[in-house]
Amino acid sequence: MKLFIDSADINKIKMLTEYYSIDGVTTNPSIIVKEGKPFLPLLKEIQSSLGVEKELFVQTIADKAENIVEEAEYIQKSLQGNIVIKIPVTSEGLKAIKLLSGIGIRTLATTVYTPLNAYLAAKAGANYVAPYVNRIDNLTGNGIQVVKDIVEIFVKSNFNCEVLAASFKNTQQVLEVCLAGAHGVTASPDIIEAFLKVPSIKENVETFSREWYELYGNKSLLD
Ligand code: E4P
């Protein structure tokens, strides 16, 4: 199961990729704008921290399919490496996904709120769909159930499209989408760091060290 960082914060990306096995970075216009930096240089900076072989997801902003395709081609030719174009699942977005799929540009259908949104995106040729788990929950829907239903439809229809669950407020939601069969998750640095926030780990490690040094003094395991 893939793990992506949902952020454009260079320091966080560097830290998380140093310590954890990360498959790439997802961005959207709100995430980009938060950094207050020029668009393409920021994306290039992310790639040099992440490695160009890892997937970098970049979202379009145009409304009309032809303009979305134009933006996608511009992003693709301006950046090297493994780029996936994120496109919202509007009717124009679906048309753009279909056109891009025809010319071999990889896409992720974003702002997915229902299993049928995802179904249309997979039919159009999207490589990924991103159901917005927490935003669905905020609408009194059931984000986890939406992920389960999408996974079931994709398996039954044999779609070659991955479910990349997105929009998380806590680690429990991440755990549940993992169990629901999502192919990947994208989460903010805070949520990823929270995977390891178990006080017992630190307590146990401290006990191991204390007991070791009580018997062996200051000797390391290599002495
Ligand atoms: C990723 O594809 C989405 O843009 C993102 O996860 C949305 O997350 P949010 O609901 O926490 O803003």
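Predicted model: local features only at pLDDT ≥ 70, side-chain atom pairs only at ≥ 80, totals over all residues.
Local features are described only where pLDDT is at least 70, and side-chain atom pairs count only at pLDDT 80 or more, whereas totals for chains, interfaces and linings use all residues. Residues are numbered from 1 along each chain as its sequence is written, and side-chain values use heavy atoms, with hydrogens and water left out.

Taken along the principal axes, a box of roughly 70 × 40 × 30 Å is filled by the C-alpha atoms. Of the 223 residues in the chain, 43% are buried. Here, buried means under 20% relative accessible area, exposed means over 50%, and partly exposed covers the values in between, using a 1.4 Å probe and protein chains only.

Strand 5 runs parallel to strand 4 (residues 83–88), and four bridges join the two; strands are taken to pair if DSSP finds at least two bridges between them. Within this pairing, Ile85 has Thr107 of strand 5 as its bridge partner. Strand 5 also pairs with strand 6 (residues 128–131), again in the parallel sense, over three bridges.

Strand 4, helix 5 (residues 91–102) and strand 5 form a right-handed β-α-β unit. A crossover is called right-handed if, with the strands pointing away from the viewer, the path from the first strand over the helix to the second runs clockwise. Another right-handed β-α-β unit is made by strand 5, helix 6 (residues 115–124) and strand 6. With a relative accessible area of 27%, Thr111 is partly exposed.

Attention now turns to the ligand. Around it are Asp6, Asn28, Lys86, Tyr132, Arg135, Ala166 and Ser167, where a residue is near a molecule if one of its heavy atoms lies within 4 Å of it. Several polar contacts can be listed, each being a pair of N or O atoms within 3.5 Å; within protein, one atom must be able to donate a hydrogen and the other to accept it, and residues adjacent in sequence count only if both atoms are side-chain atoms. Asn28 has a polar side-chain atom 2.6 Å from an oxygen atom of the ligand. For Ser167, the distance from a polar side-chain atom to a ligand oxygen is 2.7 Å. An N or O atom in the side chain of Tyr132 is 3.1 Å from an oxygen atom of the ligand. On its own the ligand has 340 Å² of accessible area, and the protein covers 80% of this; such areas come from the Shrake-Rupley method with a 1.4 Å probe, and for residues only the protein chains shown count as cover.

Asn28 lies between strand 2 (24–26) and helix 2 (29–35), and is buried at a relative accessible area of 12%. The side chain of Asn28 also reaches the backbone nitrogen of Ile31, at 2.8 Å. Ser167 is in the loop between strand 7 (162–165) and helix 9 (171–179). Ser167 counts as buried at 17% relative accessibility, and its phi is positive, near 65°, in a residue other than glycine. In helix 9 itself, Gln173 is buried at 8% relative accessibility. Gln173 and Val133 are 40 residues apart in sequence, with their C-alpha atoms 7.6 Å apart in space.

The tour ends at helix 11 (residues 199–216). Its 18 residues reach 26 Å from first C-alpha to last, close to the expected 26 Å, a span defined as 1.5 Å times one less than the number of residues. Arg210 belongs to helix 11 and is partly exposed at 46% relative accessibility. Between the C-alpha atoms of Arg210 and Ile136 there are 47 Å, with 74 residues separating the two in sequence. After helix 11 comes Gly217, with a positive phi near 65°.
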